[in-house]
Amino acid sequence: MASEILLGKTVLISPFIGAVIVSILAFLHYSRGNKHEGHDSGKHDTHEEHTSIHYTRFENVVSTFGILSILVSWLSMVLLAINYLPGEEHETLQSQFGFFGFKEGGTPDIPFGLLIDPLSVYMGLIVTTLALLIHIYAREYMHGDAGYSRFFATFNFFTGVMLTLVFSTSFLELFIFWELVGLSSYLLIGFWFYKPAAAHAAKKAFLYNKIGDITLLAGFLMLYRYTRTLDFVELPAKMEALTDQQIAIVAVLIFGGVIGKSAQFPLYTWLADAMEGPTPVSAILHSSTMVKAGIYMVARVFFIYYEAHDGHNVFAGAEWALTVFAWIGAITALLAGLQALVENEIKRILAYSTVSQIGYMAIALGTGGKTAAMFHLLSHATFKALLFLTAGAVIHAVHTNNIWEMGGLRKKIPKTFWPMLIGATALAGFPGFSGFWSKDAVLLAAYESKVPGHLVIYYLGALTAFITALYSTRFIYVVFFRTPDPEHKEHVEKAHDGGFFLTTPSIILGVLVLIESILFIPVFNFEHWLNEILEPEVKPEAINYVVAGSSAIIVLLGIFVGLVLYHWKPELRTSLYNIDAFNWIANEFIAKRYRIDQVLYWIANAPVMWVAGILQSIDLKIIDRTIIDTWIVKGSLQLAKISDVFDQGFIDGIVNGVWQIFLYFGRQFRKLQTGLVSNYATIFAATLVLFLTYVNFLVLFK
Amino acid sequence: MSSLLSLIDKIVEGIRDIPQWLLTLLNRIPYVELQGKNAERAIVVSLLSAALGTYVLLNLLLAPWIERKVMARMMGRRGPVYVGKFGLLQLIADIAKLLFKEDTMPMTADRFGFNLSIYLMGASTIMSFGPLPWARDLAGTNMSIGLLYIFAVFSVFPPAMLLGGWASNSKYSLIGGFRAAAQLVAYEIPMMISVLGVIVYAQSFNLQAIVEDQYQNGWYIYRAFPGLLMAFVIFLFASLAETERIPFDIPEAEAELVMGPRTEFSGWRYGIILLVEYSHMFVNIILVVVLFLGGWDVIFPFNGMPGWLADLRDDRLAQFIAINIKIYLGVFFVTWVRTTFPRFRIDQFIEWGWKTLLPLSLLSLAIVGAYAGLYVA
Amino acid sequence: MGWFLEFNMIVIIIFTLFMAFGALRTDKVMKAAAYLLLTLWGVAFAYLFLGSEYVFAIQLIVYGGGIVVLFLFSVLLTGQEEFQMDKEFVWNNLVQILIALLLFFTLTVLMLDVFGGYELTGNELVVLNETQDLTQTLATALFTNYNYVLPILGILLLSAMLGSIKIAIREEEL
Amino acid sequence: MVVPLEYFLILSSALFSIGVFGVITQRNAVRILIAVELIINAANINFVAFASYNPVGDISGWIFALFIIAVAAGEAAIGLAIFINVFRNYGEIDVGHLFTLREV
């Protein structure tokens, strides 16, 4: 018990300590007059060609402390998991460090502390593992950057904040770290803040997240209003007392938060722009951990939707909200997948892919598959982090983002190619790989749920699976197999693998994906184990071979179609694009994000601008012209003329008269100033005589 | 106007009271003490005062003779022997000689200043005899500020010296006058401060009261040890410097300045200067005796005093003889010092007065103050 | 009864004023200082006639012994041996004499009118007599009512001494 | 009273007038200071006289006179020091020639 709490505390605090140490180191370093050593550009084009990397002493120290702190966190997390997960009873451990407020009676109200249950341990394990690997990756990736120490400090800070979010014990604590996660996301997207695109993307991410955050805040405040508590341990028991209407309000509002943070349908465009940040950031924040916070949060508060005692019983109020959420997930998955199909920048492809896969998780949650969602979260986090790391390595190798400027890199960067191939295969859901099993679980949850229109959702998911396989094939083929265009041949020729720190994490992750793939084979019953520890009240579903087989066929079909389009018959693609409608849809509609930004602009920005325009014209035409110009200006001009006359004539006259009087008397009195003591004394004595005479008269004739 | 007229009326009215003026004179002249209001007693007391003055002047004639004889003995000579028995009348002969000498004054001298300095010195010396105590209830005047009065009338010496030196219009006189004034000013202050200790103990400026306190409680020289002993030494030293005796006769150092500020004085003026010098010395010796050595007290009080000694202490004649013995011992001491020590250098001497004697006197005053504080506590 | 004393007083007044005038009209500054000394002695005797023997002594010690010596020294140090009086009679001089006379006249008239005719009632003066020790009264007053004035006066005199030393001393002597 | 108060009043006012006359006629700074001393003495006489003639027997006037004498000593010392300094700088202490304050 106590050791687990202590380990949990270590997990949380260690990254923060790392952040503080790195900040102090940076402060000491720069306050001694050291200049920034690296280049100020976020682009890696300026990287010199090098085979071996020479870290500066400062970089060594900073990265060592950054990685060490995460290592400590990871080790304690692993110890915690070893202690905790295989145990017989997965009891919920709650350690309350402090409280946010007091009830009227004086008893503590909202706890601030540590909640250790299977869900948080599971999520914490994912977060720390990925954070550790990506930290190691960042050690080389950020080499030579001017903001090296800043990166590590912020990155450590994010890790700590994310872990605290995971281990939050109350809604309020979760929300605080939810916001801090948003802050670190803002800082890391805008890491190269001198690039306008990065600054803009950071602002965009922050604002889009804020929409969701507001609804989340409203949601849990409503919950507090109804239940008078925000403690995750106390809440489930109190949910049954709520009316359907109250549950509906809370459920919908909390889903709003998920839509913002986890990039769901109307608000997902920020995630693609967030790729302006460094690749490690994209890898950990915008693919594997931060954007999963919404999913995690819904899993954490799943008792709002389903009765705590029987996981199959939906609250009547939450039914509608769940349906909407599942539908949003499906739509998001499809739309983002389509977009990934037409996107040319490698990181954005992965970003849309992420959105699409989170849509899968939303489907799973909406259709009641908490286990499926967390299952897919695990597998997706692993292979998407892998994909981002390898994508970063590819970019590092060829100094470009555009997949059409690459090609044939298979032989040039084998240490990147093979992990990426594994990751892409897993992403595509190739039968037998981890993505296949988790996606299958999601599709199964959709297929077998009682949500209205669940079959449509299932079909949409299947279509998305097809599209996923298609775009996975596309970018793998284009990047690694296609003969490069002549004009890009040069830098492709020069491409080479990164150093030890750049490649090792990807290889480790590739191995992890392979291990997961083996582990997820139903023979090993991983999903059932997961189900048991996450929702023991729900009976696990048996594997549906219809769903599994159909999805395998779909995936294989997608890969086949991709190979046809990009390898065997590229002219088919050209003829497809020659169709005007297809071209328009691909290039003008899908590639421009279905005009979602414009629609949002019309909804949110345009009315404001319109009203502002009206107000401006009112201001200019009515207030400025009539009131100010005619009445105030002319009136004050008249007043000014009057006061000018008064000032010039009367006041200046007084002032001038005064000085003239003083000047006159001064000139007269100056004649007295002879500088002779005797004269002064004589005047003094004469005055004394006069005074005495006066007093004499007073005395004599009183 | 009316008040002016009434003033004149009063003056005219006062003229009618001529018969009364003699008594008023006796009553109001500062140097004569009157106990009671009746005329006989007044006349007796004034005769006594006159007798005292004569006595002092006679002593002033005797003191130089003693000095000369002692000095001569110390130098292996015999001193004055021809005029009178043992040359006792030598000084009278000298005075007669000085009086009959030609009265000369330098042509360039300032007449006013030349005369004024002599008058001032002579007058102040004569005035200083007033409060000196000779026995219990035997004094020229028992004034309450006696000690301060003596210092006050002596304070005219520096300007008088300076004026005389300047008025002679001689460089020796001028330099001598400067030296005299500087020395007097430098040693007047430690002298006064050292006296303050005595005043703290006696709680009076009255010389009779000071002596009475010593008669009752013991002489000051051994009281408040070592504060008043220090004060005694300082006072003795400073009074020797004040009187410009050898070895402190820097203003008139013969080898350098001929006769200092007195260079141009001759005849009766020189006689007065001699008189002033000797009386100045005499008064200072009396002050030392009165302030520290018990004045007219025969012997310092001690426990188990035999009756005859106590009676002797109360006897006024004995007191008178005692103080005279003390005074002549002092004269002998001064002469002894004169023959023994060489002359100091002016800058060292002045510096010594300001930088050593003044702090020492303050220290002695502090010690006495501490004793007095303990006594009061 | 008091005629002789009044006569003496008149003599002292005349002496004092004569000496004061002499201090202003003599031809040499050195002699002016000597005249000042005599004036101060005259004033001191006036104090004696007023029964304030302590003030008399202090006047002689401080003024006669201190200030006059200071004057004499500074006269000799400033080399003011000869002083040319303004012999010629100018209109300015007439005005000054007139002012001084008027001042004397008005002041005397005022003083006599306001304060004249006072008789001593409670404080029977005994000049230089031990029967009534006014010095003790004075000392008591000094150390009770004017307890704080004495130290302040000491500080004032000390600062005046240091100030005058600083002013008079040459820079190279410091 | 043996000597009327009027004598002292006349003495002080005469001394005061003579002092003022000296201050306004003299050109030698030392003499001006002498005249100032006369003025101070005139004031002192009044203090002592009024204290002596005070029917209540209050002798504060004497104490005032003592203080005035002390302050006058300090004043004379500083004044003469200034004159010595002036003499050192200008070679003379004739106030008729020292009119640096005058407008040229």
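This is a predicted model: local features need pLDDT of at least 70, side-chain atom pairs count only at pLDDT 80 or more; totals for chains, interfaces and linings use all residues.
**Helix packing, salt bridges and an interface**

The buried residues of H9(B) pack against strand E1 (133-135), strand E2 (138-139), helix H6 (146-154), helix H8 (171-202), helix H12 (268-292) and helix H13 (307-314) of chain B.

Biologist: Which residues of helix H9 of chain B are buried?

Modeller: Happy to start there. The helix covers residues 207-217 of chain B, and its buried residues pack against elements including strand E1 and helix H12 of chain B. The buried ones are B:Leu207, B:Gln208, B:Ile210, B:Val211, B:Asp213, B:Gln214 and B:Tyr215.

Biologist: At the start of H9(B), which residue has a side-chain oxygen that reaches the backbone nitrogen of B:Gln208?

Modeller: Let's look at both ends of the helix. After H9(B) comes B:Gly218, with a positive phi near 110 degrees. At the start, the backbone nitrogen of B:Gln208 has a side-chain oxygen to within 3.0 Å, and that oxygen belongs to B:Asn206.

Biologist: Are A:Lys204 and A:Asp273 buried or exposed?

Modeller: The cut-off for buried is under 20% relative accessible area. Both A:Lys204 and A:Asp273 fall in that class: they are buried.

Biologist: What separates A:Asp213 and A:Lys210 along helix H6 of chain A?

Modeller: These two form a salt bridge, with the closest N and O atoms 3.1 Å apart. A:Asp213 is buried at 2% relative accessibility, while A:Lys210 is partly exposed at 22%. Because they sit three residues apart in helix H6 of chain A, the separation is about one helical turn.

Biologist: And in chain B, which parts does the pair of B:Asp94 and B:Arg68 tie together?

Modeller: The salt bridge between B:Asp94 and B:Arg68 has its closest N and O atoms 3.0 Å apart. The two residues are 26 apart in sequence, so the parts tied together are helix H4 (residues 90-100) and helix H3 (residues 39-74) of chain B. As for cover, B:Arg68 has 30% relative accessibility and therefore counts as partly exposed.

Biologist: What share of the residues in chain A is buried?

Modeller: Chain A has 25 helices and two strands. Of its contacts between residues at least 6 apart in sequence, 80% join residues at least 24 apart. The chain exposes about 30500 Å², with carbon and sulfur atoms supplying 68% of that area. Among its 702 residues, the buried share is 52%.

Biologist: How many residues on the side of chain C that touches chain D are nonpolar?

Modeller: The two chains bury about 7000 Å² between them, 78% of it on carbon and sulfur atoms. Across this interface there are zero salt bridges, and eight residue pairs are in polar contact. Helices supplying at least two residues each to the chain C side include H1 (3-25) and H4 (91-115). That side divides into seven charged, 20 polar and, for the class you asked about, 56 nonpolar.

Note on methods
Residues are numbered from 1 along each chain as its sequence is written. Chains are lettered from A and ligands numbered from 1 in the order in which they are written. Side-chain values use heavy atoms; hydrogens and water are left out. Buried means under 20% relative accessible area, exposed over 50%, partly exposed in between (1.4 Å probe, protein chains only). A salt bridge is a side-chain nitrogen of Lys or Arg within 4 Å of a carboxyl oxygen of Asp or Glu. Helices (H or I, at least four residues) and strands (E, at least two) are DSSP runs, numbered from the N terminus. Contact means heavy atoms within 4.5 Å. A polar contact is a pair of N or O atoms within 3.5 Å; within protein, one must be able to donate a hydrogen and the other to accept it, and residues adjacent in sequence count only if both atoms are side-chain atoms. Accessible areas come from the Shrake-Rupley method with a 1.4 Å probe; for residues, only the protein chains shown count as cover. Buried area is the accessible area (1.4 Å probe) that two parts lose on being put together, summed over both. Ala, Val, Leu, Ile, Met, Phe, Trp, Tyr, Cys and Pro count as nonpolar, Asp, Glu, Lys and Arg as charged, and the others, Gly among them, as polar.
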